[in-house]
Amino acid sequence: YRSADTSERHAILHEIIRLEPPVGHLNRRATTPIEMVDGSARAMIQPGDLVDVCVRQVNTERSAVGSTPELICPERPLSSGVNAAGLAFGDGAHKCPGQPLAMTETDVLLTRLLARRPTILTQPVLGWNDLIEGYTLRGLRLNLPGRP
């Protein structure tokens with residue numbers, strides 16, 4: 001990460017957030033009829049129906065992200081219309097307009113943090129938030145020697 005240029009670092013971040021989205025599910029209401037087909041099984045989603053989109057599953061869909069969807073590959077070729085972060089920032093009318101800012105802020109933070117060569121003083125506690133089906137990290141303490 002430290003030796004990569006900005007576009008390479010952003011590609012790494014997109015792959016990480018694609019595989020570890022902070023929010024695991026997006027709940028949306030259908031606005032038009034949607035036919036779901038899985039082999040010979042068919043189902044109809046009607047306008048107003050609540051649709052639970054499992055972001056982790058969608059973000060590892062082989063038809064969208066290729067044959068090794070569970071691996072980090074910053075140079076991953078994507079299908080047309082597929083965001084590099086998958087659905088981690090939503091899509092369509094609910095797409096997060098702050099995605100470019102969030103990626104830039106994360107890159108600046110990590111670049112500056114890693115330049116200090118931090119060491120872990122206290123291991124974080126990994127938690128789980130059932131509401132968003134996403135993880136939490138609490139209690140991480142770092143030692144940041146010197147100035148970069």
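Colleague: What radius of gyration does the protein chain have, against that of a compact globule of 148 residues?

Modeller: This is a predicted model, where local features need pLDDT of at least 70, side-chain atom pairs count only at pLDDT 80 or more, and totals for chains, interfaces and linings use all residues. Residues are numbered from 1 along each chain as its sequence is written, and side-chain values use heavy atoms, without hydrogens and water. The radius is taken over C-alpha atoms, and the globule rule is 2.2 Å times the number of residues to the power 0.38. That rule puts a compact globule near 15 Å, but the protein chain has 18 Å.

Colleague: Is R18 buried or exposed, and what is its relative accessible area?

Modeller: Buried means under 20% relative accessible area, exposed over 50%, and partly exposed in between (1.4 Å probe, protein chains only). R18 counts as buried because its relative accessible area is 1%.

Colleague: Which side chain does R18 join in a polar contact?

Modeller: A polar contact is a pair of N or O atoms within 3.5 Å; within protein, one must be able to donate a hydrogen and the other to accept it, and residues adjacent in sequence count only if both atoms are side-chain atoms. The R18 side chain also reaches the backbone oxygen of P69 at 2.9 Å. The side-chain partner, at 2.9 Å, is E15.

Colleague: What is the relative accessible area of L142?

Modeller: L142 falls in the partly exposed class. The value is 31%.
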